[in-house]
Amino acid sequence: MATLSPSLLHSARSKLSFHSRRRRPVSVSAVSSRFPASSSARTISSLSVATSLEVQTEESGVKPESEAPEEEQRVVLPTNESSERLLRIRHTCAHVMAMAVQKLFPGAKVTIGPWIDNGFYYDFDMESVTDKDLKKIKKEMDRIINRNLPLIREEISREDAQRRIEALNEPYKLEILQGIKEEPITIYHIGNEWWDLCAGPHVDSTGEIPKKAVELESVAGAYWRGDEKNAMLQRIYGTAWETEEQLKAYVFFKEEAKRRDHRRLGQDLDLFSIQEDAGGGLVFWHPKGSIIRHTIEDFWKQTHFQHDYSLLYTPHVAKSHLWTTSGHIDFYKENMYDQMDVENEMYQLRPMNCPYHILLFKRKLHSYRDFPVRVAELGTVYRYELSGTLHGLFRVRGFTQDDAHIFCLEDQIKSEILNVLNLTEQILLQFGFSNYSVNLSTRPEKSVGGDEIWEKATNALKEALEEKGWEYEVDEGGGAFYGPKIDLKIQDALNRKWQCSTIQVDFNLPERFDITYMDSNGEKKRPIMIHRAVLGSLERFFGVLIEHYAGDFPLWLSPVQARILPVTDSEVKYCKEVVDKLKSNGIRAELCQGERLPKLIRNAEKQKIPLMAVAGPKEVEAQTLTVRSRFSGGDIGAMTIDEFISKIQTAVANRTSF
């Protein structure tokens, strides 16, 4: 497990040390379903959006503002993978909850109830469940646990299982039975009162469940089998742990994640919004959020120029036959919007940028001497998402990818992959991300391209990772049908892992678009194409940044870097002159007045302004400013305007604190 490094955070103020009520740091795993195809939840928490999460906090650093520490003790939460007992507890909790629901609501029909990374859930066809109902269900679960009923495994024939299910009038279970191919059919009984189709595993009896380590969390709507044409079910989520202390630590972590929720901070700090009059999943960047985006884009562009990329701008729509050639209409149509008729020709909003970059590559004949050819674009794409799956900046319908494509020769694959890894690290480090999880996904059963090129490309990816010195895991058979890939997950301040960077070798599109070059013998050959993204999408990455920094952005990213505060109206003129001078030196500064100084300072703190410069009569006379910094936690002291400007410019240039 990677530990939290102070270098990940931009100031002592944002160093992490999370504690439960007794101040215990925690390590947690994020929510994700084991059965993604079974049903589709209509609500998503910030915990569930991260692909995985591991938090192991340090005992140093500034504690959350709400409480002072009482005692330090590390609590590392187990995962389903590290503790079979925990997995059994969670799985049995799902069954106990289903039994409790059907006792309290006899008309409820059961469907599936798996364990998930932080607990369990069960889907029911029943009337809407309220918070009051959750309390009743938990009390009934406690009664079942107290009775210490045995969990009994039974093997039966398919015919017997069907007869029993029909007797209970459970249509969803009948459908599940039809999908089970193995024989015999296994069921688990809780005592002699309730049973479910199940392969296990479970604890031996309900009394082994630590009831004080179990909590019902929420209710969400979920379509049966994830199909919006099917019935909307009630999904009840719960969390379960091995001890009450683990539950307390997990609950505290959830509260911290809630405090950092990018949707709330986006409103509080006036960064972005989703305007429902315009449509769900369409992001409006407010002036402050736009400044941050502009800063990110400028840095991204400068870095790509340094690495010999050519930057592109391409259209948002294209004739539909382009997407037929690329294969998107055949294989990706469900994620694309309906076509539009333009003068009797069908056009399509783009879901990806790749075909555009290929068209630009094909505009002229290439020689082997031209390679590698690197092109990049901050390209906006549009993908259809169900309204129930939309989630702030993390799941949207229109977003801008930091997309790039590299066209190269076979013997250049390794060097180009290594260059991309270096570029990725260079960019991510500037945003405070230095801990990564890396996966290498290899050839699946169904694929295009010959054995030789697959082996050569896969080995090139491995060698590049090894030369880079990054540890990685191999996902055998997990690659796309058109080539092997590297996926990189960044680790944020809560140690959640977010999929952002991808490097994908493609043997398919060069073939589909028939792209070629002339080799040293004057013969036409097919180049290698590499897809590559570092940030993923600007929208999603911005959401990650907001939560990583809890909205307390480093100086170089802050939309307002300095706020100038007059003690009285008499100093307003001087403060305006200071603001003008700061702006003329490229510093994002503003004047705030009209309130007493303590309130002006409090408002600046709430808005997470990095620097405040106070001007009273003494400062005006001396032509100085008294500076307060969020990074150092208080007053820095008096300095001249030129000193203030110089310190800010140095900090911004070096991506450091003031």
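In this predicted model, serine 310 stands opposite valine 375 in strand E17. The pairing between strand E13 (residues 310-311) and E17 is parallel and comprises 2 bridges. On strand E17, a further partner is found in strand E18 (residues 398-408), to which 10 bridges join it in the antiparallel sense. Strand E17 itself, spanning residues 373-382, is mostly covered, with 9 of its 10 residues buried. In a regular strand, the side chains alternate between the two faces of the sheet.

The largest nonpolar core contains 64 residues, of which Phe431, Ile490 and Leu535 touch the most other members. Helix H12 (residues 413-430) supplies the largest share of this core, namely 8 residues. Apart from it lies another core, made up of 32 residues, including Tyr122, Ile209, Ile236 and Ala240.

When its neighbours within four places in sequence are left aside, isoleucine 490 is in contact with Leu428, Phe433, Asn435, Tyr436, Arg496, Lys497, Trp498, Cys500, Phe541 and Val544.

Nonpolar residues also occur on the surface, where Val317, Met340 and Val342 form a patch with about 190 Å² of accessible area together. Methionine 340 belongs to strand E15, which covers residues 340-342. This methionine counts as partly exposed because its relative accessibility is 32%, a value in between the limits of 20% for buried and 50% for exposed residues.

Terms used: Residues numbered from 1 in each chain as written. Predicted model: local features only at pLDDT ≥ 70, side-chain atom pairs only at ≥ 80, totals over all residues. Heavy atoms only, no water. Core = buried A, V, L, I, M, F, W, Y, C linked by side-chain atoms within 4.5 Å. Buried < 20%, exposed > 50% of the residue type's maximum accessible area, 1.4 Å probe, protein only. Helix = DSSP H or I, 4+ residues; strand = E, 2+ residues; numbered from the N terminus. Contact = heavy atoms within 4.5 Å. Patch = residues over 30% accessible without salt bridge, like charges linked within 9 Å, V, L, I, M, F, W, Y side chains within 5 Å. Areas by Shrake-Rupley, 256 points an atom, 1.4 Å probe, with all protein chains shown as cover. Salt bridge = Lys/Arg side-chain N within 4 Å of Asp/Glu carboxyl O. Pairing = 2+ DSSP bridges.
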